[in-house]
Each structure stands twice: as structure tokens, then as C-alpha cells.
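Me: I would like to learn how to read helix packing in a model. Please take me through one case.

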Amino acid sequence: MRKLLLVAAPLLWFAAGCTPPTSTGTGPSTTSTPADEAAAAGYLRVGAGNLAKLTSGNTKIMFVGTKPGGKHDGGFKNVSGELQLQAPTPRARERLAKIGGITMEIETDSLWADDPKLTTHLKSADFFDVNKYPKATFKSSKIELVGDKDNIEELKVTGELEFHGVKKTITIPVLVNANRGLWISTTFELSRKEFGMTYGEGKVDDKVTVSAELGKKPA
Amino acid sequence: MARDIVLGVALPAMLAFLLAWAAGRLWRVGLKRLYLPANVAFAGAFLAGFGALALSPWWPSERDYEWLPHLSILAGVAAVAARLTNVPYLRWSPIVLVPLVAAWLLVPDWPKLNSLAWHWRAGIGIAMIGTWLSLQLPAEQVGGPQFTLWLALINVAAASLLFLTGSAKFAQLSMLSAAAFAGIFAAELADRGAAFLPGVIPAFAVLHAGWLGTGMLRADAEASKLPFVLMWMAPSCLGLMWLPWFRRTRWIGAVLSMGGAAVLAVVAIALAWFAQPSETR
């Protein structure tokens, strides 16, 4: 019996050690592609068709709202979309980017703010009205190269933003950093009134600073 | 803030008082219990505050809470029209017809509601009928200025609940009817022979159940619905005053019914208060 235990113990230990830590169910394990894994780690990984998947793991959408005498940070946790590159990912020292298009969808109910009470208020009919407008989308229609320095491209991206039930064409400045991976960032101002979000005039400023980061910023 | 108080509370309250007082003197002859003056005062005050605050469109483009102000006016018009015809079954027809229209217009076509939309419509419609039924006869037979004041206070409590559960806009719109009821209460005090309250019970029922139904529909999925239900029940406690035992016991019955309404409203607000997220990231 003791011999059996001596044999069984290492086997059990080995079996336990081999068990994938994420495997919890009895069904088949989910197959994740390298692109999925890269996205989860925060990287933009270009897959088949020169497409990079945008996920909550590699895409951050944030905003800063201001009011007389203060400001609040916020953002969205659930984002999805695709980034289309015109050519396959080049190797190091080669100019990257050549972005062909971008589509993005934001689940407005995933909104967060720096104060939980504010999160509830922002989700209400006073502001984002997330029950009525559960998604915000952006689809680019035109991308122009404005400048290019040290593998950092400056682009002007024009596209249709649908948000709070209003569709508008906007043009935003975008920086594409191609040093050691792909990192795309933008910061711009939106007028909430132009998108029908009019509550709180005088108490909350009209202009909201929106920023987005796609991929991992090079160290 | 000061602007909101002036336009959303002081203006409708003063206008309701002036309109009720003036219309009450002008149209008293031939109209039992001043249905028309009461509704002129309520609608005038409510619409003035609604227009001044500009929180919601005058003509909504789709089914949603934005129809509530219009529905309260419709309830008043239907109540006055039914009263003027003086035909028994017509007199009570608005109590079913207005909530039917209201329930249809108030529940939006959100994909996430799917088949539940009909449950919400039924719930909001029944809630309106319940409030209306429980208050109409008591308001006509045992109502007085204190009854009107209590309804104004319940409106304030409902506005507080709507504010705590997320929407300052709903709270402000709900405060409009509180202010209008406060003005009507003042007019009843100034003109002791006037009974405005029975005329505005339909508008109260539509707004009270409508705002609470809307607030409940839009509250977080995880949030408890109990505060909304308790607040909806609060004014119906005042209807107990009409029951024989409450009438016989006079002030004891009055204190019990008003106390019951106050307890329900306070418990509803307390539940919503403690359910609020408190941590700051």
C-alpha cells in the first residue's frame, strides 16, 4: 500500500501540475488564436487579411468631462472592432502603419467614471441613456497622412460617429507609433450638445476630451 | 441650481396658485368640485415649468418617458370631459382609457426588452389605474387641503427617489407636479369653499405611476425594485381615509392613513439611499 502511495503521489502531483490553470469546465477548451492572445496582452496583432482585432484588452477609450471648478475621468470597458492595414505588418526598421480603415463599437453600458455615483448618473437618461442607446460606433471613411517622423505617423482620420442616437462625420488627429509594435493614439474634443446630450447646461461643460489608445505603448 | 428652483418649483407653484384661485372664481357656477379650474391651474403651471426648464421635447419622436407630461394633460382633459357629460359609465371611462394610451406610449421599443415590453406596459397601466381608483372617491368625499398637501409631499419624495436612483432630469420633472400641487394647496387654503383636488387626481395618478414605472424600467438590472413599489403604494394609503372605520375614528384614521403614506415613502427613500454605491475610486 505504501509502495502504491509512493508511486501514486508523484503521478497525482504531475497530473495536477499539468492541469491548465484556466480549465474549469468539462467541455472542450476554447481555441484562442495568436491574435486573441496578443489582444489580451494589450498588443495589436495583425492576422489574416491584414486585420487587427480590437478588443477591450488592446483598446482603451477614455474621456474627461469638466464642470466649473472640477473634472471627472471616465471610459468604457467593452470595446470591439477591426483595424485594417493596407499591407502586412512590416519588419523592424520598416515604416509601418498604412492604415486602411478602422471600425469600432463601444458598449455604452460598460461606462465607468471615477466615482460610482457618477457612473450611475452618466448612464441615466440625463447623459448617455445607455438603455436607449446601448452602442456607439465609429467607422472611418478617409485617412490622410499629415506628417511622418521617426516612425511616428500623424494621420487625419475622417469617419462617421454614431452616438446617443446622432450620426455625425468627424475628423480626428491620430498618431501611429510604429516603433517596436503598433501603438495608435488620439485625443480630441467632442461637443456633447452636438450629439443631443444637453442636460446640465451651465453645470457640466459642453466640450468633452476623448482619448483612445490602441495597442501597447512602446516602453 | 437657483435657476432650477425658480423655474422648476417657484414658477409652477405660484402659477398654479394664481390660476386655481382666478379660474375657481371664474368657473365656479355649474361645475361640481371645480374640475375645470383645477386642471387649468395644473396644466398651466406644469407646462410653464416644463417649457422653462426645457428638459424634454415638446413633441417626442418615439415612444418613451417624454410623453408623460402630455399624458398628464390628456388625463386632465379626459377627466373634465367625462365630468361634463355627466353620464355614469362615461365618467369612469378615462380611468381605463388614459392608462391604456399611457402604457402604450411610455414603454420604449428597446431590443433588450423584447417580449418583456408587454409586461411593463401591463404593469404601468395597472399601476396608474390603481393609484387613480384608490384616490378619486376619497378625494371627492373626504379630501381637503391636507390631502392635497400630502400628495405634493409624496411627489417630492418620489422626485427624491428618482434622483437617488440616477436621474436628476426625472427628479426635476417630477418636482413640477409637486410644485403645482403645492400651489393648488395654497389656493384651497385661500378659498376655503373650493375643492380642486378631485379634478387633478387623474393627472397625479398618471404622473406618479408613470415616473416611478419609468424610473424602475431604467434602473440598473441589479437594483432592487422595492423602493419604487413602496413609493407607488404611498399615496394609496391616503385613500384609506375613505373607508368607514377610518371615517368613524376621524383624526385617528387620518393620522394612520397619512402616517402610512409617510412611512412607505420614507422607507422607499431609505432603501434607495443605502443601495447607492458609496466607494470612490
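**Helix packing in chain B**

Reply: In H1(B), B:Asp4, B:Gly8, B:Val9, B:Pro12, B:Ala13, B:Met14, B:Leu15, B:Ala16, B:Phe17, B:Ala20, B:Trp21 and B:Gly24 meet B:Gln172, B:Met175, B:Leu176, B:Ala179, B:Ala180, B:Ala182, B:Gly183, B:Ile184, B:Ala186, B:Ala187 and B:Ala190 of H8(B). Residues are in contact if their C-beta atoms, placed from the backbone, lie within 7 Å. Helices (H or I, at least four residues) are DSSP runs, numbered from the N terminus. The contact residues comprise 18 nonpolar, four polar and one charged; Ala, Val, Leu, Ile, Met, Phe, Trp, Tyr, Cys and Pro count as nonpolar, Asp, Glu, Lys and Arg as charged, and the others, Gly among them, as polar. This is a predicted model: local features need pLDDT of at least 70, side-chain atom pairs count only at pLDDT 80 or more, and totals for chains, interfaces and linings use all residues. Residues are numbered from 1 along each chain as its sequence is written, with chains lettered from A and ligands numbered from 1 in the order in which they are written.

Me: How is the geometry of two packed helices described?

Reply: By the angle between their axes and the distance between the axes. Here the axes of H1(B) (residues 2–26) and H8(B) come within 7 Å and cross at roughly 35°. Axes are lines fitted to C-alpha atoms, for helices over the stretch in contact, and angles run from 0 to 180 degrees between N-to-C directions.

Me: What does B:Ile184 touch?

Reply: Its contacts include B:Ala16, B:Ala20, B:Phe42 and B:Phe196, not counting residues up to four places away in sequence.

How values were computed
Two residues are in contact if their C-beta atoms, placed from the backbone, lie within 7 Å. Helices (H or I, at least four residues) and strands (E, at least two) are DSSP runs, numbered from the N terminus.
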